[in-house]
Amino acid sequence: MAARGHVQDPNDRRLRPIYDYLDNGNNKMAIQQADKLLKKHKDLHCAKVLKAIGLQRTGKQDEAFTLAQEVATLEPTDDNSLQALTILYREMHRPELVTKLYEAAVKKVPLSEEYHSHLFMAYARVGEYKKMQQAGMALYKIVPKNPYYFWSVMSLVMQAISAQDEKLAQTMFLPLAERMVEKMVKEEKIEAEAEVQLYFMILERLGKCVEALDVIRGPLGEKLTSELQSRESKCMMLYQRLQRWPECNALAHKLLLKNPDDWQFYPAYFDSLFHLIDQSWSAPEEGEHCSEGSVHHTVAEVVRFVEDRIKGEEGKESRSLRGPFLARLELIHRLRERGCPEESQLGDPLELMVQFFGKFGDKPCCITDLKIYLHLLPADEHVQFINRLSEAVPLGEQGDDGFAFPDDTRALQRHLCVCQLSRALGLHHSLDAEGKLRLITELKAHYRHGLKFGKTALKTELQFSDMYCLMVAHVYVDLWKETGDENMVWQGLGVLQEGLSHSPSNAQFKLLLLLLFCHLGAFEPVVDLYSSLDAKHVQHDTIGFLLTRYAESLGQFAAASQSCNFSLRFFHSNQKDTSEYIIQAYKYGAFEKIPEFIALRNRLNQSLHFAQVRTERMLLDLFLEADIVLSLEESVKAMSLTAEEDDIPWDNMRDNRDLTVFTSWDPKDRHLTEEHRRQSLEEETVWLRIRSLTLRLLAALASLGHTPSQQNSEVSNGVADKTSIISSLLAQLNQTLQAGAQLADKQVQFPFLGPPSTRLASALSSGSCQCQAAAFQLSVHLQELETVGLDESSELQTQICNSFKSLVVQLQEMLNKCKGDSLEMKEGKLKTQPALLEHLIFFVETMCIALWMASNCAKILRPLKTSLQKKKKKKKDANTALPAVVCGFQELTGSLQDLLTQSLEHIKGQETSITALKLASLSLEGFPEDEASFMKAAMDKVHSSYLRSLQEAGDLLKKRAETIKSLKI
């Protein structure tokens, strides 16, 4: 049996101190203790492995691996060594070695249930489904327990899911799995709900809906008890798939009688009605309508049914349920869509919504309930509707400021709902600037009055009146966008900062602050805001784009690294975590969750955001470190980056961004449309392609940085290959730039709260993409020069010299576009120009690439110049004139030096003028003291952020200026 027999093994006592040291993170002491123990007991394998774990955790991976392999080759069978090796291999991210470990252990102890189950789980970690199936059956033969048998069945299903050939899945794996389960059904060995769920999953994947229905409705279906109405929901789904509309209708109607508030069955009820009408279905003259009971196949019956549910609610003494009232509005919507005259039987939508507000207006969900049915109101009834609702809001006496306030939180919620609905109907947007400012004053008064209801609230709780504050910020943004008056955005930031001071955990305040700061070009305050959101797990993928889009483009390189790390840490741990989830799902029989975990893993691996963050992080590391800390070649090598490989799944890219993360009450014509989503994804993909190609071109440029030995044919071929790779990548880059230019010409505008635009348009307008492509093209010409030599290449040299000059001109133009004040004071108001900052960062990036190209140039020209001088000495040639390309290169390095000096002077001038800005002289007299202080705090953050961006850009350019010294030839 299992190797658990030696519970009181003296080795356990000896090993205990090492385990304790490792658990407490004291790895050095663990290594020392293991060494002591190994001197006395050389054959204590587990001590060796524990020492290896200590070495692994102190960064000595190679030593740890060697030590572990010493033990692994002995094929240990003691539990301690096996468990310790499993932990070590997991930390090394080498789960495939665990399988070999347990394969050996199972051979030596063939009847151990424990080792067989560990082997199965080891296969699960690496996704070896065929071996899992075999291991499951081997386990079942030793210990005939149902779970082991069904592990094997599930592994067959996983082979079907992961099979490239769908035909193979449908004709081999799934039918085999079905037969295996049927065998257990015939022998009446089915015990658990999980086994029935698995049988259902197999039949469903085979498309055998009738058989699946028989299982659910038969005795096996009685085992489905863990979820409420699990049988009914599955039956409903199968009826819909089989298009058995009478059964679908009867079942929905039966379930709604039981629980009229269960919304999931209303859409099925209405869908089935219209399908029955379309099919001109009529009830049989005798007997039951169908196996589920009576069918409502006319609009009149359904209208009566919904009205009866509402009467039942109105007759109750307790609080009414929302379901039936919403069902009536949904039915009107559907009847109107089909042009059915019966919609009038249900009543006037305006009256029905007013009635709904009367019953449920004090619930926060009232706005989301009614918002979806506002389209039922004609435009000329909008104002009347809001007036009717306002009459139903109990407000106190009017104060001196002309505003009446609610006396309790329920009245506050009603008033808030009316404000939200009027914004959703576009009544806020149709006001002129004066009207909007009056509205802001009223909403601010309501917000501050409402704070008294939350005086005792905890820091983690939201204030009752927070939504007024958010709405004020939205109206300020409307004014900013319409008038271009930046003062509006400062006031918006001020009001959000005030809101956050009263409600520190309000995520919507933080998200909107984050967006506004980024639009103003200030990234420094954003990192703390994002950290305080405490994004969990998959949110790093769904909302991470808000952070990573602006980090580098606004010059905050250190923060950009941190932002990328936030996301990358999650993506990298996803692989390991998903394996653990799958193992837990097998252990607890949650078979239907396993394909979901696999789908989640695929969704994250194919994520657009993952590809973006990976690419941007590598580019960022190169801009910050290549040729400063390490050489470009070493940096590229450390990243395991190759020009030939493209690891981005372009064809299966998944856009997982949550583009509706901001609370918004905008009317329908301002909503984010599917077309917007498509255009945004297209733009993101083109920009990612440009960045990915730039990164691969840099890897190719690094691979050219060899020191050329004698010109033998092998070397020539190698260089030719590398040059052809660069040429191929450049062709792709130019093609992508053309596509990008066409996209940028369309000037697509997304809603303010929709997806942010990429850096594509500003990259093209600054000229950075074109200039970078020119630098890469130069490296190709220089390779040709290296192959041909200096003697036979006067035309090529002239071409290269012209390209040098052209490159300098392009860089000068880019620098000129950065000129101007990015932050300035005009008429006592603070003005930002984030576009200038973005242009400066593009200049910095392009300068880095130009310098790398020049460095590559120098490596090629040095030996060519030396060999030419040697030839001249031999021939005693008195002509001392340098070749044209060498002169051109010397001019280029001089010009690059001059450009760096100019850019550093520009940055220094900007830093001086921004530091000199006296924010104290801002005209904030017109604002109450507390409002002015919050606005001033926001301005200080922007001011500090601009200085930080300029400082980081300047520091990087200074480091780059140092590298020019190494370009002498």
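Visitor: Is Asp627 buried, partly exposed or exposed?
Guide: In this predicted model, Asp627 has a relative accessibility of 26%. Buried means under 20% and exposed means over 50%, with partly exposed in between, so Asp627 counts as partly exposed.

Visitor: Where is Asp627 placed?
Guide: Asp627 is in the loop between helix H31 (608–625) and helix H32 (632–638). Its phi is near 70°, a positive value in a residue other than glycine.

Visitor: What about the phi of Gln229?
Guide: Gln229 has a positive phi of about 55°, although it is not a glycine. Gln229 belongs to the loop between H12 and H13. With a relative accessibility of 22%, Gln229 counts as partly exposed.

Visitor: At what angle do H12 and H13 cross?
Guide: The axes of helix H12 (residues 209–217) and helix H13 (residues 230–242) cross at roughly 160° and come within 10 Å. The two helices are therefore roughly antiparallel to each other. H12 passes H13 in a left-handed crossing.

Visitor: Which residues meet there?
Guide: On the H12 side they are Cys209, Val210, Ala212, Leu213, Ile216 and Arg217, and on the H13 side Arg231, Lys234, Cys235, Leu238, Tyr239, Arg241 and Leu242. By class, this contact of H12 with H13 has 9 nonpolar, no polar and 4 charged residues.

Visitor: And how does H11 pack against H12?
Guide: Helix H11 (residues 193–205) and H12 pack at an angle of about 160°, and their axes are 9 Å apart. That makes H11 roughly antiparallel to H12. The crossing of H11 and H12 is left-handed.

Visitor: Which side chains are involved in that one?
Guide: Val196, Tyr199, Phe200 and Leu203 in H11 meet Glu211, Ala212, Val215 and Ile216 in H12. The contact of H11 with H12 comprises 7 nonpolar, no polar and 1 charged residues.

Visitor: Let us turn to the whole chain. How many helices and strands are there?
Guide: The chain has 40 helices and 4 strands. Its C-alpha atoms fill a box of roughly 120 × 85 × 60 Å, taken along the principal axes.

Visitor: What percentage of the residues is buried?
Guide: Of the 969 residues in the chain, 53% are buried. As for contacts in the chain with a separation of 6 or more, 73% come from residues 24 or more positions apart.

Visitor: Which residues touch the most other members of the largest nonpolar core?
Guide: They are Phe385, Phe523, Tyr586, Phe591, Trp852 and Leu896, in a core of 306 residues. Helix H38 (residues 834–875) contributes the largest share of this core, 20 residues.

Visitor: What does Phe385 touch?
Guide: Not counting residues up to four places away in sequence, Phe385 touches Leu350, Met353, Val354, Leu374, Leu377, Leu421 and Leu425.

Visitor: A last topic: where is Glu288, and is it buried or exposed?
Guide: Glu288 is found in the loop between helix H15 (265–278) and helix H16 (299–314). Glu288 is exposed, with a relative accessible area of 59%. Leaving aside neighbours within four places in sequence, Glu288 is in contact with Gly293 and Ser294.

Visitor: And which helix holds Glu682?
Guide: Glu682 lies in helix H33 (residues 674–704). Its relative accessible area is 31%, and Glu682 is partly exposed. The C-alpha atoms of Glu682 and Gly740 are separated by 9.5 Å, although these residues are 58 residues apart along the chain.

Notes. Residues numbered from 1 in each chain as written. Predicted model: local features only at pLDDT ≥ 70, side-chain atom pairs only at ≥ 80, totals over all residues. Heavy atoms only, no water. Axes fitted to C-alpha atoms, helices over the stretch in contact; angles between N-to-C directions. Parallel < 35°, antiparallel > 145°, perpendicular 65-115°, else oblique. Left-handed = near helix turned anticlockwise from the far one by under 90°. Contact = heavy atoms within 4.5 Å. Nonpolar A, V, L, I, M, F, W, Y, C, P; charged D, E, K, R; others polar. Core = buried A, V, L, I, M, F, W, Y, C linked by side-chain atoms within 4.5 Å. Buried < 20%, exposed > 50% of the residue type's maximum accessible area, 1.4 Å probe, protein only.
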